[in-house]
Amino acid sequence: MKPRFFAAAIASSFAGTVAAAPVLAPPPQLGPDVVPFVQIPAGQLAIQHVRIIDGTAAAPVEDATLLIDGAKIGAILPSGSAVPAGYRVIDGTGETALPGLVGMHNHMFYLQRPNIDAAGSSEQPIIVPQMTFSAPRLYLANGVTTMRTTGSVEPYTDLAFKREVDAGHLVGPHMDVTGPYLEGPGAFFIQAHQITSPEDARKTVAYWADQGVNSFKAYMHITRAELGAAIKEAHRHGLKLTGHLCSVTYPEAVELGIDNLEHGFFVNTQLDPGKQLDKCPDTTGNPTLLAMKPGSPQANALIDLLVRKHVAITSTLPVFEQSVPLHSPLQARQMDVLTAQAKESYLYLRNLANSRAGTPRGQQSAEAYKNDLGLERQFVAAGGLLLAGPDPTGNGGVIPGFGDQRELELLVEAGFTPVEAIRIGTLNGATYLGLQDRIGSIAAGKNADLFIVKGNPAANINDVENVIVVFKDGVGYDSAKLLRSVKGRFGEY
């Protein structure tokens with residue numbers, strides 16, 4: 001008699017296209033590897049005297065009572081309301097409830113540079129090991145209840161991990177699994193498949209859509225023809241495609257029908273001197289960002305095009321902050337989760353960036369960063385949909401979960417109010433994913449995906465770091481216990 005999984009595989013081979021698993025799976029029964037991290041089991045819960053930032057950018061609701069009914073939000077009761085019978089009561093005095101973060105540029109890997117030294121030099125090949133154990137725990141511990149992988153190095157692993165989380169066997173956020181990077185010749189990490197033609201791009205998208213991924217991401221060395229073929233095939237499957245581009249400019253990608261562009265305005269190459277069609281220039285967008293001042297004719301034209309074509313932009317400020325001298329904070333809580341090797345690598349890169357303070361290169365990095373902040377504000381003011389994510393790829397200053405919190409802090413630095421920044425990091429992401437009726441804000445009837453912090457992020461956005469408990473599907477996970485479980489492990493597994 002054949003094993004059940006073998007019989008199921010035979011059956012699926014005749015079933016045609018495999019539909020992508022929903023990003024939000026039904027609440028599962030939790031298994032023995034998940035239960036130890038549960039602080040508050042699902043049930044009827046009343047959190048009294050809590051401040052609620054609902055994710056819509058509205059003013060906080062003070063001294064409220066938040067009712068959680070199993071996997072759903074039951075109600076938000078005003079101050080002084082009686083708690084219905086049967087509810088477990090928790091005192092939330094001095095605490096704030098926020099919607100679970102929807103990380104829209106998150107990864108499940110860590111980029112390693114072999115034998116990196118203090119000058120930033122390393123040996124080839126650059127490799128990208130998977131952090132399937134530590135990354136999901138870091139995300140959930142820090143308030144990320146839904147995430148998009150935004151470019152997978154091991155898509156089979158990510159799909160399998162999503163399946164195990166959805167089944168309650170492993171702990172982690174809800175996941176939108178992005179297919180492998182759609183990249184041409186010139187990929188900087190050795191695991192990447194190199195797209196060779198529009199037909200190859202189409203077949204790659206078709207294959208991974210059939211495997212059940214939720215979305216796709218194009219990368220730096222793809223051609224316009226290949227990108228157009230990939231977008232068309234993704235849309236044929238009802239899936240969206242984003243891009244960290246270089247060889248293709250933002251206006252070119254918009255006209256091809258792309259849904260989303262990553263990294264704010266940092267990687268647009270349309271004004272780079274000597275930019276050739278379908279070629280990524282060595283300048284990778286720096287001259288464009290330096291030239292495209294907020295409010296300039298070039299900026300106005302681009303933002304008008306993006307808004308008219310309904311192309312979302314993902315802000316990833318934490319990863320670009322790393323190049324601005326003396327800008328990124330050094331936090332013990334982040335260093336504690338890194339391996340010794342990852343910590344050493346990060347400190348080398350951090351010292352290298354800080355050594356450029358006052359130099360022309362350092363001043364140029366600061367100016368480009370400032371321009372991007374202004375362009376992101378202008379994009380939102382024009383009606384654009386701005387998303388948020390940290391891009392935790394391989395610099396120890398950008399770590400899963402911690403980086404998602406830092407993105408909110410940097411959006412406030414950019415000029416958004418704290419409640420506006422929180423909306424960008426929650427409801428806007430849910431809206432892009434088409435899940436705004438279920439997650440992204442705290443409202444009666446929505447999924448109980450939220451987190452509780454000590455303090456008031458509406459007054460001090462840095463209070464988003466003070467996570468006490470994270471609810472996913474109404475189950476409250478112990479943030480501190482999740483963090484302890486990966487101490488010294490990120491960068492290893």
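Author: Start with the bond between C246 and C280. The torsion about its S-S bond is about 80°, so this disulfide is right-handed. C246 sits in the loop between β11 (240-243) and α6 (250-256), while C280 sits in the loop between β12 (260-262) and α7 (286-291), so the bond ties together parts that are 34 residues apart in sequence. The two sulfur atoms are 2.0 Å apart. The count for the structure comes to one disulfide. C246 is buried, and C280 is buried too.

Before going on, remember that this is a predicted model. How far does the confidence reach? The mean pLDDT of the chain is 94, and 96% of its residues reach 70 or more. Strand β14 (residues 386-388) has the highest confidence, at 99, and helix α1 (residues 4-13) has the lowest, at a mean of 34. Over residues 1-16, pLDDT stays under 50. For that stretch the model has one contact beyond four places in sequence. Read that end with care.

The largest nonpolar core has 94 residues. F216, L241, L261 and F265 have the most contacts inside this core. Take F216 as an example. Not counting residues up to four places away in sequence, F216 touches a list of residues that includes T178, L182, V205, W208, L239, K240 and L241. There is also a second, separate core of 16 residues, with L45, I47, I73 and A97 among them.

K240 lies over the face of Y432, at 4.1 Å from the ring centre.

That brings us to rings. A search of the whole structure finds 13 aromatic pairs. One of them joins Y110 and F490 edge-to-face, at 5.4 Å centre to centre and with 80° between the planes. This pair links distant parts of the chain.

Another pair links the loop and the segment. The rings of F133 and Y493 have their centres 5.4 Å apart and their planes at 75°, so this pair is edge-to-face. F133 lies in the loop between β7 and α2 and Y493 in the segment after α16, so the pair ties together parts that are 360 residues apart in sequence. How covered are these rings? F133 is partly exposed, with a relative accessible area of 31%. Y493 is at 35% and counts as partly exposed. Elsewhere, ring pairs link F109, Y181, F188, F189 and Y219 into a cluster.

Eight of the eight residues of α2 are buried. They are S134, A135, P136, R137, L138, Y139, L140 and A141. What covers them? The cover includes helices α3 (155-166), α13 (402-413) and α16, along with strands β8 (144-148), β16 and β17 (475-478). After α2 comes G143, whose phi is positive, near 100°.

N456 is found between β15 (450-454) and β16 (467-472). With a relative accessibility of 18%, N456 counts as buried. Leaving aside neighbours within four places in sequence, N456 is in contact with R51, T96 and D463.

Finish at P198, in helix α4 (residues 198-211). P198 counts as partly exposed, at 35% relative accessibility. In sequence, P198 and E226 are 28 residues apart. In space, they are 4.0 Å apart, C-alpha to C-alpha. P198 is in contact with A225, E226 and A229, leaving aside its neighbours within four places in sequence.

Terms used. Residues numbered from 1 in each chain as written. Predicted model: local features only at pLDDT ≥ 70, side-chain atom pairs only at ≥ 80, totals over all residues. Heavy atoms only, no water. pLDDT = per-residue confidence, 0-100. Helix = DSSP H or I, 4+ residues; strand = E, 2+ residues; numbered from the N terminus. Contact = heavy atoms within 4.5 Å. Phe/Tyr/Trp six-rings, centres within 6.5 Å; stacked < 30°, edge-to-face > 60°. Buried < 20%, exposed > 50% of the residue type's maximum accessible area, 1.4 Å probe, protein only. Lys NZ or Arg CZ within 6 Å of the ring centre and 35° of its normal. Core = buried A, V, L, I, M, F, W, Y, C linked by side-chain atoms within 4.5 Å. Disulfide = S-S within 2.5 Å.
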